[in-house]
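User: Could you walk me through this model? I'd like to begin with the pocket.

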Amino acid sequence: MNQIARNLTDAEDGLLKGKRYLIHDRDPLFTEEFLTTLTEAGVESVRLPPRSPNLNSYAERFVRSIKESCRNR
């Protein structure tokens, strides 16, 4: 995950170049090392509140559709 953080905050080709915030869920993949790398690059990490699927409704609906599609097959 630390390598991903370095890629995201790369000065030339990083996806977060010029961005101030990264909004993410509470997945354990977002380690302290990952968050430290973001902070050093000037990107503030904003964690979603626990048990708040309505804040990310489009992604939640997509995941639900994929699960139902796989179960039906």
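User: What classes of residue make up the lining of the largest pocket?
Analyst: The lining of the largest pocket has 4 nonpolar, 2 polar and 5 charged residues, where Ala, Val, Leu, Ile, Met, Phe, Trp, Tyr, Cys and Pro count as nonpolar, Asp, Glu, Lys and Arg as charged, and the others, Gly among them, as polar. This is a predicted model, in which local features need pLDDT of at least 70 and side-chain atom pairs count only at pLDDT 80 or more, while totals for chains, interfaces and linings use all residues. Residues are numbered from 1 along each chain as its sequence is written, and side-chain values use heavy atoms, with hydrogens and water left out.

User: Which salt bridge does the structure hold?
Analyst: The structure holds 1 salt bridge, in which the side chains of Glu68 and Arg64 meet at 3.1 Å, N to O (a side-chain nitrogen of Lys or Arg within 4 Å of a carboxyl oxygen of Asp or Glu).

User: And where do those two lie?
Analyst: Glu68 and Arg64 are both in helix α3, residues 57-72, and they sit 4 residues apart, about one turn of the helix. Helices (H or I, at least four residues) and strands (E, at least two) are DSSP runs numbered from the N terminus.

User: What's the overall order of elements?
Analyst: The chain has 3 helices and 2 strands, and from the N terminus on they run α-β-α-β-α.

User: Changing topic, what box do the C-alpha atoms fill?
Analyst: Taken along the principal axes, the C-alpha atoms of the chain fill a box of roughly 45 × 25 × 20 Å.
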